[in-house]
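Please consult the sequence and the coordinates alongside the text.

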Amino acid sequence: MLRALAIVPLPVTILIISILCPTEFSLFIGGLRLPPNRLVLLVLLPIAIMRLMSSRSVKPKAFDFIFLTFGFMTLIVYTMHSGKDGLIYGGSVALECLVGYSIARAHVRTPEMLRQTLRVMLLTISIAALIALPEFLLCQNFTHDILRQLTGYHHPTAVQTRL
């Protein structure tokens, strides 16, 4: 696993780890809540853009335009159906989609990097599963309860029962 962490570019590793951070670590700016993963996306966006623009090996492909179109269509559709709330929600979905894609496109350049990135993702998913399993089995959100006491932020959570 250390080999995987050595091969995966640091921005990609930071982004993957930020996805595990709970919402209690969010930053509030005005009425906007920025969870850790969105903060990382906003910080890494200029780096990814500069890397994409300066790299001679990265040429725009058809799938780049398809992905860009998907992001903008998401924003437009959510705004058309929900107005201002749709703009906020659609903007966050488009941000996560387009910036995450841009970071991966700028930094993951070889099949070996992709394999090792998937290994790091598997590790983070396993960590998340180890945290979530006791919460699922005992129907108690331990992580949110502990972090609520530490940060003072109450994120609405409910244990959902499914058929």
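## The second largest pocket

The second largest pocket has a volume of about 450 Å³. A pocket is defined on a 1 Å grid over the protein atoms alone, as an open set of points where a 1.4 Å probe fits, with protein on both sides within 12 Å along at least five of seven lines; lining residues have an atom within 4 Å of a point. Grid points are joined across faces, edges and corners, and the volume is the space filled by probe spheres set on the points.

The lining of the second largest pocket comprises 16 residues, of which Leu 52, Asp 64, Leu 68, Tyr 101 and Ser 102 are the closest to its centre. Two or more lining residues come from each of helix 3 and helix 4. Helix 4 gives the most, with nine residues.

## Basis of the model

This is a predicted model, in which local features need pLDDT of at least 70 and side-chain atom pairs count only at pLDDT 80 or more, whereas totals for chains, interfaces and linings use all residues. Residues are numbered from 1 along each chain as its sequence is written, and side-chain values use heavy atoms, with hydrogens and water left out.

## Overall architecture

The protein has six helices and two strands, and from the N terminus on its elements run α-α-β-β-α-α-α-α. Helices (H or I, at least four residues) and strands (E, at least two) are DSSP runs, numbered from the N terminus. The C-alpha trace spans about 50 × 45 × 35 Å along its principal axes.

Of the 163 residues in the protein, 32% are buried. Buried means under 20% relative accessible area, exposed means over 50%, and partly exposed lies in between (1.4 Å probe, protein chains only). Among contacts with a separation of 6 or more, 66% join residues 24 or more positions apart; contact means heavy atoms within 4.5 Å.

In soluble globular proteins, nonpolar side chains tend to be buried together. Leaving aside neighbours within four places in sequence, Val 120 is in contact with Ala 4, Leu 5, Val 8 and Ile 16.

The buried residues of helix 2 are Pro 11, Val 12, Thr 13, Leu 15, Ile 16 and Ser 18. Their cover includes helix 1 (2–7), helix 3, helix 4 and helix 5 (111–138). Thr 13 counts as buried because its relative accessibility is 9%. Not counting residues up to four places away in sequence, Thr 13 touches Leu 5 and Val 8.

Arg 38 is found in helix 3 (residues 36–54), and Glu 96 is found in helix 4. Their side chains make a polar contact at 2.8 Å. A polar contact is a pair of N or O atoms within 3.5 Å; within protein, one must be able to donate a hydrogen and the other to accept it, and residues adjacent in sequence count only if both atoms are side-chain atoms.

Arg 38 is buried, with a relative accessible area of 17%, whereas Glu 96 is partly exposed at 30%. Beyond four places in sequence, Arg 38 touches Arg 33, Ser 92, Leu 95 and Glu 96. With the same exclusion of neighbours within four places, Glu 96 is in contact with Asn 37, Arg 38 and Leu 41.

## Cysteines and helix 6

How many disulfides does a search of the whole structure find? The search finds zero disulfides, a disulfide being a pair of cysteine sulfur atoms within 2.5 Å. Cys 21 is partly exposed at 33% relative accessibility, and Cys 97 is buried at 17%.

In helix 6 (residues 142–151), the buried residues are His 144, Asp 145 and Leu 147. Thr 151 lies in helix 6 and is partly exposed, with a relative accessible area of 37%. The C-alpha atoms of Thr 151 and Glu 24 are separated by 6.7 Å, although these residues are 127 residues apart along the chain. Helix 6 is followed by Gly 152, whose phi is positive, near 85 degrees.
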